[in-house]
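Please consult the sequence and the model alongside the text.

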Amino acid sequence: RPPLPRQLSFTPPLIRNPFIYNLKLTAMDKFRMVLLGIILLPIRLILLVIILLFVWPFVAIATACSPLKGSQPLVPWRRSLFRIFVGFLGQALIFSMGFVVKVKGKCASSLEAPLLVAAPHSTFFDAIACIVAGFPSTVSRAENLDVPIFGRLLRATQSVLVSRVDADSRKNTANEIIRRATSNGEWPQVLIFPEGTCSNRSCLITFRLGAFSPGVPVQPVLLKYPNRLDTVTWTWEGPKLSQIFVMTICQLFTKVEVEFMPVHFPNEEEKNNPLLFANAVRSKMAAALGVPVTDHTYEDCRLMISAGEMTLPMETGLVEFTKVSKKLNLNWDNISQQLNEFAEIAKASKGGRIKIEEFAGYLKIPVSSALKELFALFDRNNDGTIDFREYVIGLAIICAPATTEETIIMAFKLFDIDDDGCITQDEFSSLLGSSLGLHNIDSSNMFHDMDTDGSGTITYDEFRDFALKHPVYAKLFTTYLDQQRYFVYSHERADSHERAESSSILPQILSSSGYPEAKEDFLSTSDKKED
């Protein structure tokens, strides 16, 4: 079977999983790391403690008698004291940890570019960009204020604080960024990592809109780590934070490149459309880095964690949340629920992908030509399996159109052969066998699932609730209905006299529902192999 034509907008991303990093160390790498670590690790840890102790009095003076959550910018002398002395100590800290930093370009002033956007965000060592840029404000969790020394540093840089317990925190944070960005240089610059989470630097994932909502000029900042051995990358699936820290400071040196690109001045259209603004800046940064862009986002990471908790491979949860949710009008709750359903089907599969046998087992029906055709509609890349991304897209594009009220009513009438307002098990088994092209099918399990009150018959309300909760079944029924509609249409064209004398229940249903007379209308668009 040749691959099915698909919408290009739903083709898989060039980078399947930007949140995984497999560090491969050779025996020589390990030997060198241990040898250098014996010497460098204690020395660098001692220097780290000493420098932090020297930092403390300067940040204490800069923040003395100032409110915990600064509502006003620091007075100039406090700000200058902090930037000069702590800036020098910050450079000493970078050097003592073995980082060799190369700076390209020049950091713009707060009047020229109130906001700095740094990417790709791949490690906690990206904080080096803050030191190089002269300690601009950042966005941080409010809980970090309680961390010794680090909390004082956040207060000295007047970071924008996000609270997890405040329901309005996201809105307040966005408003605070806008207030500072439009202060005409009164506040320090704000440095933002617009990706919102760490990736492996193989691409640029979706930029969040916080830095672009004010509609002011931004300066892109590129971060690179051009080392033979990459010990700095910290992703959701890979080395742990403590491992990365130890391995990095056990290197003789680690190269870092911080490049300040030209300021991006938004046009009028970008000022009014933060998404357009963000995508324009991301495309410019991706071109400079020579990497692609994808529509992954932090929500994909949450889905990865959920998939791991369900004993599925973590990358199962990757769907390019931004693209899929927007194009298919889905939210986090919809996709999270569908992940639970997918896990139930794929629980026997160690690879996190559904084969047709598992698909049939979940639906409690045998493999048939009708089921194979439905499976092929889900299987977008024609590899004989359905992954979670294909499952989400299939439910929205293929099955959702089959769960309209009109379609459910039609399917119910199709099963209710004697037109008494309920479906018996014999009626259900007969039509189900016909729709699947099978005889003597055991449909008792499915029938009992529908018959929620145990009355021995299925009412319309029970049938409707089941169809809405299980849209895959609705698609199977409407596929059969479409086939019969086309058969009736062809029969009518061949012999109008026989059509008039036909006593089949199906033509009666069709004629009473006023279906169109054109052949194309009988081929339901939800049945086409294009999306």
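**Aromatic cluster and ring pairs**

Phe342, Phe359, Phe375, Phe378, Phe388 and Tyr391 form one aromatic cluster. Rings of Phe, Tyr and Trp (its six-membered ring) pair if their centres lie within 6.5 Å; planes under 30 degrees apart count as stacked, over 60 as edge-to-face and the rest as tilted. The structure is a predicted model, in which local features need pLDDT of at least 70 and side-chain atom pairs count only at pLDDT 80 or more, while totals for chains, interfaces and linings use all residues. Residues are numbered from 1 along each chain as its sequence is written, and side-chain values use heavy atoms, with hydrogens and water left out.

The structure holds 16 aromatic pairs. One of them joins Phe412 and Phe463: the ring centres are 5.6 Å apart and the planes stand at 70 degrees, so the pair is edge-to-face. Phe412 belongs to helix H15 (residues 405–415) and Phe463 to helix H18 (residues 460–469), so the pair ties together parts that are 51 residues apart in sequence. Helices (H or I, at least four residues) and strands (E, at least two) are DSSP runs, numbered from the N terminus. Phe412 counts as buried at 8% relative accessibility, and Phe463 is buried with a relative accessible area of 2%. Buried means under 20% relative accessible area, exposed over 50% and partly exposed in between (1.4 Å probe, protein chains only).

**Packing of H15 and H18**

The helices that carry this pair pack at an angle of about 125 degrees, with the axes of H15 and H18 10 Å apart. Axes are lines fitted to C-alpha atoms, for helices over the stretch in contact, and angles run from 0 to 180 degrees between N-to-C directions. H15 and H18 are therefore oblique to each other; angles under 35 degrees count as roughly parallel, over 145 as roughly antiparallel, 65 to 115 as roughly perpendicular and the rest as oblique.

On the H15 side, the contact is made by Glu405, Ile408, Ile409, Ala411, Phe412 and Phe415, and on the H18 side by Tyr460, Phe463, Arg464, Ala467 and Leu468. Contact means heavy atoms within 4.5 Å.

**A charge over a ring**

The charged end of Arg302 sits over the ring of Trp332, 3.8 Å from its centre. For this description, NZ of Lys or CZ of Arg must be within 6 Å of the ring centre and within 35 degrees of the ring normal.

**Backbone features**

Most residues other than glycine have a negative phi, and most peptide bonds are trans. The peptide bond from Ala119 to Pro120 is cis, with omega near -5 degrees, and Pro120 lies in the loop between strand E2 (115–119) and helix H3 (128–132).

Arg201, a residue other than glycine, has a positive phi near 70 degrees. Its loop runs between strand E5 (190–192) and strand E6 (218–224), and Arg201 is buried at 16% relative accessibility. Asn329 has a positive phi of about 55 degrees; this residue is in the loop between helix H10 (321–328) and helix H11 (332–346). Asn329 is exposed, with a relative accessible area of 68%.

Thr254 is found in strand E7 (residues 254–260) and counts as buried at 3% relative accessibility. Leaving aside residues up to four places away in sequence, Thr254 touches Gly98, Phe99, Val100, Asn227, Val232 and Thr248.

The protein chain has 22 helices and seven strands. Buried residues make up 49% of its 531 residues.
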